[in-house]
Amino acid sequence: MSTGTAISYRRRRRLLLLLLRRQRDEKFGCAFGRVAGYYGSCRTSVADTEEACYNRAGWIHLQSGTIYVIWVSEDQFDVNMWTVLGMTTLPHVGGFLGGLITRSEVKTWYPTLKKPSWRPPNAAFPVVWTCLYTGMGYGSYLVYKELGGFTDDAVVPLGLYGLQLALNWAWTPIFFGAHKLKWAFIEIIFLTGTVAATMVSWYSISRTATLLMAPYLSWLCLATSLNYRIWRDNPEKKDD
């Protein structure tokens with residue numbers, strides 16, 4: 001089978017380092033093998049083995065004539081699947097809780113506000129946020145996977161991601177719960193800036209993850225403009 005363009009050098013190196021750290025830990029069920037072969041092809045006698053390993057975790061070239069193969073047990077495969085599902089689902093937790101606040105306010109308070117004609121219809125928001133939360137959640141998993149988990153290298157990219165997620169969840173209680181339009185506008189500016197910083201920190205790690213955040217940043221720019229117009233056109237009453 002052809003093996004010339006499977007995974008990048010960065011990914012190969014990370015896989016090797018991860019393997020070397022874990023090959024003696026039985027709970028990960030990792031196996032380590034050295035197979036003779038060449039960059040463009042491998043011997044027929046080991047093709048089936050390589051194919052099975054490639055489907056599960058991939059293989060890495062270290063030098064011409066040598067292929068190092070990694071494969072994982074069913075238990076580790078299940079752990080990875082739960083990690084994907086968990087990190088992809090996490091953003092929806094705040095979205096669900098925010099929806100409990102929004103549900104009543106959209107029918108009572110929100111219709112009383114002056115809003116620009118270009119605002120998206122109310123029905124669009126749940127659909128859009130479902131897609132955006134799923135994209136950012138899976139993007140965070142890609143970064144997590146590339147960095148080998150919650151390592152020292154992951155502090156900044158995943159820390160920024162966690163910060164923007166907290167800011168995202170906080171906006172709904174401020175805007176719909178407390179009806180503080182000005183503070184919601186200030187908060188969403190910080191949120192948009194944090195998302196941009198998160199994308200910058202992700203770019204060198206996973207361009208796919210960065211692209212998954214692009215629609216989110218675009219939507220936040222629209223939401224920021226909408227928040228500003230609503231705040232400007234609906235002066236808040238000053239407390240005595």
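## The overall picture

The protein has seven helices and three strands; these are DSSP runs numbered from the N terminus, with helices (H or I) of at least four residues and strands (E) of at least two. This is a predicted model, in which local features need pLDDT of at least 70 and side-chain atom pairs count only at pLDDT 80 or more, while totals for chains, interfaces and linings use all residues. Residues are numbered from 1 along each chain as its sequence is written, and side-chain values use heavy atoms, with hydrogens and water left out.

**Fold and burial**

- Starting at the N terminus, the order of elements is α-β-α-β-β-α-α-α-α-α.
- Of the 240 residues of the protein, 40% count as buried, where buried means under 20% relative accessible area, exposed over 50% and partly exposed in between (1.4 Å probe, protein chains only).
- Among contacts with a separation of 6 or more, 75% come from residues 24 or more positions apart; a contact means heavy atoms within 4.5 Å.

**What the UniProt record says**

- An unreviewed UniProt entry places the feature "transmembrane region" at residues 81-102, 123-144, 156-176, 183-205 and 211-231; positions follow the numbering used here, feature names are shortened, and annotations may be inferred rather than shown by experiment.
- Over residues 123-144 the chain is 95% helix and 0% strand, and the end C-alpha atoms lie 33 Å apart.
- Over residues 211-231 the chain is 100% helix and 0% strand, with 31 Å between the end C-alpha atoms.

**Helix H7**

- H7 (residues 207-233) has 27 residues and reaches 39 Å from first C-alpha to last, close to the 39 Å expected at 1.5 Å a residue; the expected span is 1.5 Å times one less than the number of residues.
- A kink of about 25 degrees lies at Met213, shortly before the proline Pro215; the bend at a residue is the angle between axes fitted to the seven residues ending there and the seven starting there.
- Buried residues of H7 include Met213, Tyr216, Trp219 and Leu220.
- The buried residues of H7 pack against helix H4 (124-146), helix H5 (155-177) and helix H6 (181-203).

**Helix H4**

- Among the buried residues of H4 are Trp129, Leu132, Tyr133 and Gly135.
- Gly148 follows H4 and has a positive phi, near 75 degrees.

**Aromatic rings**

- The structure holds 16 aromatic pairs; rings of Phe, Tyr and Trp (its six-membered ring) pair if their centres lie within 6.5 Å, and planes under 30 degrees apart count as stacked, over 60 as edge-to-face and the rest as tilted.
- Trp171 and Phe176 form an edge-to-face pair, 5.9 Å centre to centre with 80 degrees between the planes, and both residues are buried.
- The rings of Phe175 and Phe176 have centres 4.9 Å apart and planes at 70 degrees, so this pair is edge-to-face; both Phe175 and Phe176 are buried.
- Ring pairs link Trp109, Tyr110, Trp171, Phe175 and Phe176 into a cluster.
- Lys115 lies over the face of Tyr110, at 4.5 Å from the ring centre; a charge sits over a ring if NZ of Lys or CZ of Arg is within 6 Å of the ring centre and within 35 degrees of the ring normal.

**A closer look at Ile174**

- Ile174 belongs to helix H5 and is partly exposed, with a relative accessible area of 23%.
- Ile174 and Ala184 are 10 residues apart in sequence and 5.7 Å apart in space, C-alpha to C-alpha.
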